[in-house]
Amino acid sequence: MTENRHHSLGLSDENVLQMFETMLLARRVDERMWLLNRAGKIPFVISCQGQEAAQVGAAFALDKEKDYVLPYYRDIGVVLTFGMTAKELMLSGFAKAEDPSSGGRQMPGHFGKKQSRIVTGSSPVTTQVPHAVGIALASKMERKDFISFVTLGEGSSNQGDFHEGANFAGVHKLPVIIMVENNQYAISVPVEKQLACKRVSDRAAGYGMPGFTVDGNDPLEVYKTVKEAAERARCGEGPTLIETVSYRLTPHSSDDDDRSYRAPDEVATAKTKDPISTFGAYLKETGVMSDELEKTMNDRVMQMVNEATDYAENAPYAEPEDALKYVYGDR
């Protein structure tokens, strides 16, 4: 039997089953979004497929009762862990009035849910980094016991917002975790044409913070690294830069044709390391999950996805005059 790694991390069998089911739900929601897009029912999809392990592993290492998360547009696994539902994600995909992120006013992937401390981002990439640093500054100034956690792609780590936010966090030793989800491509640009250094985490030294590169297909390794970073942040030891290395299994978005810049064989090889399959295999090899339990989980997840789809498709759109909501102050 495979060595049981999760117990050594303080995770119970129930914990890792919850992690797997959340990863599975993220995948099934994402797959349904693609079908709806191709059927002409929703306008846009930007996918999390291949990155669920990093997202869920990281989010499980945080305190869902007090920490703030500032996700980037692929982070379905993060926001599901922090309290968004499949129904809410579908409402966003269909741009319906009940969409908690924006009331149907924003494109999908701009996650936001105030009561869950999920802070919405904007369309220009990487603006969430200085926002997360600002939240961490507030925590330090007010002597509060919360940290902020922000994600971005490796392409975004070349933007000015990333460097300015990371530098400020390092100088002031702020309780923020910056996690770069390196999925190998910034739209069509491969990572070797984005970075002169070998790893994104190599940049951490320039900001005076620890930097780690971990296997983004392994939720337990990501959990361990984020958990340790969170403990350092809570103890006043400042920020951490974490790079999770995985692979984007889908095109950049539903408007992208990835066949123009990467070979089908490359994608096929990457799918052999699909974290849904590899983590599921680990759970079975350690005796935590059986084929029957996996089927039960998948059936439950699919029921949630089907119900969420039906509800969102039939939900009302916002009223036309709501286009001006939240733009101008009410008198």
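**The sheet and its helices**

Author: The sheet is open and has 5 strands, paired in parallel in the order S1-S2-S3-S7-S6. Strands are DSSP runs (E, at least two residues), helices likewise (H or I, at least four), numbered from the N terminus. Two strands pair if DSSP finds at least two bridges between them. This is a predicted model: local features need pLDDT of at least 70, side-chain atom pairs count only at pLDDT 80 or more, and totals for chains, interfaces and linings use all residues. Residues are numbered from 1 along each chain as its sequence is written, and side-chain values use heavy atoms, leaving out hydrogens and water.

Axes here are lines fitted to C-alpha atoms, for helices over the stretch in contact; angles run from 0 to 180 degrees between N-to-C directions.

Now look at S6. Its parallel pairing with strand S7 (residues 240–245) spans 5 bridges. Gly211 stands opposite Leu241 in S7.

Next, the helices. Helix H6 (residues 128–141) packs on the sheet. H6 touches S1, strand S2 (148–153) and strand S3 (176–182). Contact means heavy atoms within 4.5 Å. The direction of H6 makes about 170 degrees with that of S2. Helix H8 (residues 219–234) lies across S2, S3, S6 and S7. H8 runs at about 155 degrees to S6.
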